Amino acid sequence: MDTGLDTGLHPEADTAPAAPRTGRPDTDQAAKETLEDYTLRFAPRSYRRWTPMVVATTALGGIAYLADFSIGAGIGLAHGTGNALAAILVAAVVIFVTGFPLAYYGARYNIDLDLITRGSGFGYYGSVLTSVIFASFTFIFFATEGSIMAQGLRLGLGLPLWLGYLVSTLLVIPLVVYGMKALSKLQVWTTPVWLLLMVGPLVYLVATDPGTVRHFLAYPGTAGDGGLNPASVLLGAGVCLSLIAQIGEQIDYLRFMPPKTPENRRTWWTAVIMAGPGWVVLGALKQAAGIFLAVYALAEVAPAAAAEPIQQFKGAFQAMLPPWLVLPLAVVLVVISQIKINVTNAYSGSLAWTNSVTRVTRRYPGRMVFVLANLGIALILMEADMFSFLSAVLGFYSNCAIAWIVTVATDIMVNKYLLKLSPHAPEFRRGMLYAVNPVGVVAFTAASGLSIAMYFHALGDTLQPYSPVAAALLAFVLTPLMAVATKGRYYLRRTDDGIAEPPLDADGNPSAATYACHVCRQEFERPDVAACRAHDAVICSLCLSTDRTGAHVLPAAPRSA
């Protein structure tokens, strides 16, 4: 789930040790690719050289996408401004509350969301389910952002949509393969331009024409009468909650946080909150702005077009700029935003697929296979005009995403800290975890399955809008119930990893003691290694993942009577 972007958080690639030949091509390739930015594994202290606020600033730079404007506009145009704003608020609260424990664990223990999920109720193979969900998140939102970019290219350059979809997809491939450092520089110098182009029109319209605010607040929507309606609020919240999985990409950056110490405690917590669950504050503001701009654009375009960010900003720029400058600036804003986020989506999706396939097949296929696969799926969605039924796609998807995130967050908050049935420190290594932990898998499957059935009217039209609520409540209730029912026996396959050195230091941070993996011959810090079953040596977590025979994997500890 790592973004893999060299955004100032990563040292130059040539500082990573060269991967030696081990005689196993997949191991060599895995070592080479994952040591550049520690994808698919624990991020060591020696690699984390940045201050908390540098990490936070970089993490927040990754949410410059425009899908929020479309999501907010779609909800507002259908259900009215009042219902839409209430829906956005409800979703933002849920995303913030559930994102907080996940962000804390990612920053504190320097692991990504998949590694957190493994030890928080799902098990070593059980979390493959959630990796696929995250991969789906990346190609759905790649298709969304690519569609927005294609709309901009059509309006600004006259490209037909089908060609714009293809251009927005192909443009990303060389950036993902070769352009990480170039992209990081692009993100840095384009952020001020992006903020000016996004915020400037909003400030201008509100300052010069206060009537636009009154018109915005009074807009009733096409499916309502302007009053608050619980069903409309929950339907809108369900669409907004599809973004709950964004916390995974925020954690991809937060895992590079420095150790938490008494000296940096305040700035550490500020950075974690701001860049972790705090991303939703900016997201909610963008969704509200999308409603405002869509209502304003209705005077010039049809409702369907008013949900397109290119049309929204075109209308806003027309009020403040000479005609010759309107389209170029609108297209620049759209293209910059979409390139910045879609390289992240393409890379993160490829890593989610790679992570899953590596565990299941015990082979490392190389992430470029899945870069192309992810982009292919996204292109198919775009060519199928996914944007025209975006709310329906996101409403369905949100049920799975909510069930996953709430299950993991509940395991951390309740099972770890209140019930103390889940191990406090996260575990992610093969051999230390059971293949499947029924706590998370059952809670997630039941919550997502029932909520999806509700979404498709299987339990009646009255309950259909409440599917996101059902997903959240079921996951929240079933996760601790399953932990109590199983007495927490399926979290750890063994508690001793065969190494005497404690995995955490005196401050509770992952230990910086280093060990050489006897398979790939690389140095890794204490949390990323375990004793080898077949040799008097240690082996790193990724080499354990690609051990096809299981000869290196420690045996299960005998159960106590």
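Glu427, Arg429, Asp497 and Arg526 are linked in a network of salt bridges. A salt bridge here is a side-chain nitrogen of Lys or Arg within 4 Å of a carboxyl oxygen of Asp or Glu. The model is predicted, so local features need pLDDT of at least 70 and side-chain atom pairs count only at pLDDT 80 or more, while totals for chains, interfaces and linings use all residues. Residues are numbered from 1 along each chain as its sequence is written, and side-chain values use heavy atoms, with hydrogens and water left out.

**Salt bridges**

The whole structure contains nine salt bridges. Three of them are listed here.

| aspartate 505 | arginine 45 | 2.8 Å |

Helices (H or I, at least four residues) and strands (E, at least two) are DSSP runs, numbered from the N terminus. Both aspartate 497 and arginine 429 are buried. Buried means under 20% relative accessible area, exposed means over 50%, and partly exposed lies in between, using a 1.4 Å probe and protein chains only.

Arginine 45 lies in the loop between helix H1 (25-37) and helix H2 (52-60), and aspartate 505 in the loop between helix H21 (467-486) and strand S1 (514-516), so the pair ties together parts that are 460 residues apart in sequence. Arginine 45 is partly exposed at 25% relative accessibility, and aspartate 505 is partly exposed at 27%.

**Aromatic rings**

There are 18 aromatic pairs in the structure. Rings of Phe, Tyr and Trp (its six-membered ring) pair if their centres lie within 6.5 Å; planes under 30 degrees apart count as stacked, over 60 as edge-to-face and the rest as tilted. Phenylalanine 100 and tryptophan 269 have ring centres 5.9 Å apart and planes at 10°, so they are stacked. Phenylalanine 100 belongs to helix H4 (residues 81-109) and tryptophan 269 to helix H13 (residues 265-275), 169 residues apart. Phenylalanine 100 is partly exposed, at 31%, as is tryptophan 269, at 23%.

Another stacked pair is phenylalanine 134 with phenylalanine 137, at 5.8 Å centre to centre and 25° between the planes. These two residues are about one helical turn apart, because they are three residues apart in helix H6 (residues 128-157). Phenylalanine 134 is buried at 0% relative accessibility, and phenylalanine 137 is buried at 1%.

Ring pairs also join Phe100, Tyr104, Tyr105, Tyr109, Trp268 and Trp269 into a cluster.

**Aspartate 68**

Aspartate 68 lies in helix H3 (residues 67-79) and is buried, with a relative accessible area of 0%. Its side chain makes a polar contact with the side chain of glutamine 287 at 3.0 Å. A polar contact is a pair of N or O atoms within 3.5 Å; within protein, one must be able to donate a hydrogen and the other to accept it, and residues adjacent in sequence count only if both atoms are side-chain atoms. Apart from neighbours within four places in sequence, aspartate 68 is in contact (heavy atoms within 4.5 Å) with Leu243, Gly283, Lys286 and Gln287.
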